[in-house]
Amino acid sequence: MLHGLILAGEAAKAPEKIGDPILNMTIFGLFVAVTMFVVIRASRNNKSAADYYAAGRSFTGGQNGMAIAGDYLSAASFLGITGAIALSGYDGFLYSIGFLVAWLVALLLVAELLRNTGKFTMGDVLAFRLKQRPVRIAAATTTLVVSFFYLLAQMAGAGGLVSLLLGLSERTAQSVVIAIVGGLMILYVLIGGMKGTTWVQIIKAGLLIGGAAVMTVWVLALNGFNFSHLLDAAVQTAGNPAVLEPGLKYGKSDLTKLDFVSLGLALVLGTAALPHVLMRFYTVPTAKEARKSVVWSIWLIGAFYVFTLVLGYGAMALIGADAIKAAPGKANAAAPLLAYHLGGSVLLGIISAVAFATILAVVAGLTITAAASFSHDIWASVVRKGNPKPGEEVRVARITVVAIGVLAILGGIYANGQNIAFLVALAFAVAASANLPTIIYSLFWKGFTTRGALWSMYGGLATAIVLIWFSPVVSGKPDSMFPTAEGEVGGWAVFPLSNPGLISIPLAFLLGWLGSVIGKNTEDPKKQSEMEVRSLTGLGAEKAVNH
Amino acid sequence: MGNDATSTTGVDVSNADFGAIQESGTFQELRRKQRGFVFPVLIVCMVWYFGYVLLAAYAKDFMGTPLIGSFNVGLLLGLLQVVTTFAVTMWYVSFANRELDPIAAEIRDSIEAGKEVK
């Protein structure tokens, strides 16, 4: 809160107006109108739970790949990484590499097997051969926590963006806009379900990647299509040749270097455990299409991250770190400022509408995942013991959407001004600690038990959260959530790393193993056989729902 | 509830003897091929990725060595990570299409037809 207020205060001090707020609003309004039309058209067949959560498994691999890219390339990727490169040089690029290589874990270990084993949620897979009740409750808990962290990051990004684009530097006005964005998101998900949400993701991914490509070519053209020339220009503006090598941000001490390794671990292992990414694999009819969608998304995401390298150094060269830091939204303003520098108000309007759309679409994807997890894993499977009344599951999901939407709006207003790339990295660390060990053990290890799953999920989740709470991210430094003034000693940051992954991920793997080998294995071996046969052959999960 | 996935098709396979299928030679071959590919390939990819992360953290000067103009070793290694990610993806897809899918389809068809998997 304090941190946010300080930022908002700074924003108020910088009244320089960039672009044309009315033009920005018009372009954004156009995007909302078009996507809403698509969502309403797409949702006419939404009847069953399979329609609502998994879009009737009717999407092709290519479409789903676009949607995965849409889900994955959040505001943290576009605004966060561009800004990180513009300010910290090479160290920002390392985010891109981690986010991309992570997809190999998803492709090789998880995507197809998961597609073959589950129905709607991560809980379906984790509870397949273990005891339903406790495992589903644990899976839903970790899903809700991870989604909430991720939601906070997106909503916080929305707040910062608003101040820059609409010329709203007042905190109240920004809060109103966050509420409007949140309200729109609830509407999309309520009307469209997974099908509508997927179409929003597809449109948004096309706009985002297209927009980034145009800006990339533009920046390169200004430098005679000579990348080295662009790097030289960046060095010249920054006045520091170290921007081209790693270490500007993370190379200060042995501790920050270790922190960097921890971040690298969380990034590469987090993707395959993000519930909203996993859920996307259920929207395709077959494992082969799931494979195809990952391939599509890897190409799109990889291309996009190469663009961010050019955009980041472009912003460093053309705008300069000082001007970016002075702008409302700080690092997150680098991409919009670059757009304004290149194409004036019109390009700024388009790029900012794309950035808004990005936030809107990712929030919608997260919300439907969290809602599905609650209504499918908790309500239908635990409360109703697998026999929900007809239509009840979808109704509960819709109510959950509204509840989560309201929570996200409140959280977003509170988190307005926080660093979004960092919040997303925390969501990755929590996901990798709480979910990944259990996903991998239950797919590949016969001896895994319910006790192991619960120890790993709750242990990983709790360790990650507790370490974050005691880290410098939360307290003790000038840029913490609860800041301590420069040079003073304060706060409760007894854990020195800002990313907990290095400790919490191995610990969660250890706990899963320990919990399984201690005590008697009372699991049904037939279930393990069935899960393995299904996961590798796709038996019983290979045909689309026909309407 | 464990049989959730069954509800997506009309074929009832709940009576299949999954233990016997799991022990069958065809299934063991599928399992061996899948694991024989993904485990080693992923381990190599992770070693390459963490090697890169460790170089970035602890070998700053090496990463800053200029190659062509201002383009340096660090940027080259970063872009090579992108290239290897693309390459491994294409490699896996062609392997899975060629080696895994036919066996998986054979097993699936046998079970759905109520035949024994050999």
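**Reading a two-chain model**

Reply: Let's start where the chains meet: 60 residues of chain A are in contact with 52 residues of chain B. Keep in mind that this is a predicted model.

Me: Which parts of chain B supply the side that touches chain A?

Reply: Five elements of chain B each give at least two residues to that side: α1 (18–23), α2 (25–58), α3 (60–63), β2 (71–72) and α4 (73–112). The largest share comes from α4(B), with 16 residues.

Me: And what classes do the residues on that side of chain B divide into?

Reply: On the side of chain B that touches chain A, you'll find 30 nonpolar, 17 polar and 5 charged residues.

Me: OK, on to chain A. How many helices and strands does it have?

Reply: Chain A has 21 helices and 0 strands. If you'd like a box to picture, the C-alpha atoms of chain A fill one of roughly 65 × 55 × 45 Å, taken along the principal axes.

Me: What share of the contacts in chain A joins residues 24 or more positions apart?

Reply: Counting contacts with a separation of 6 or more, that share is 82% in chain A.

Me: How do I read the packing of two helices?

Reply: The general idea is that two packed helices are described by the angle between their axes and the distance between the axes. Here, take α9 (residues 171–222) and α16 (residues 392–415) of chain A: they pack at an angle of about 160°, with their axes 9 Å apart. Angles over 145 degrees count as roughly antiparallel, which is why α9(A) is roughly antiparallel to α16(A). The crossing of α9(A) past α16(A) is right-handed.

Me: Which residues make the contact between α9(A) and α16(A)?

Reply: From α9(A), they include S175(A), G182(A), M185(A) and L190(A). From α16(A), they include R398(A), V401(A), G405(A) and I413(A). Sorted by class, the contact of α9(A) with α16(A) has 11 nonpolar, 4 polar and 1 charged residues.

Terms used:
Residues numbered from 1 in each chain as written. Chains lettered and ligands numbered in written order. Predicted model: local features only at pLDDT ≥ 70, side-chain atom pairs only at ≥ 80, totals over all residues. Helix = DSSP H or I, 4+ residues; strand = E, 2+ residues; numbered from the N terminus. Contact = placed C-beta atoms within 7 Å. Axes fitted to C-alpha atoms, helices over the stretch in contact; angles between N-to-C directions. Parallel < 35°, antiparallel > 145°, perpendicular 65-115°, else oblique. Left-handed = near helix turned anticlockwise from the far one by under 90°. Nonpolar A, V, L, I, M, F, W, Y, C, P; charged D, E, K, R; others polar.
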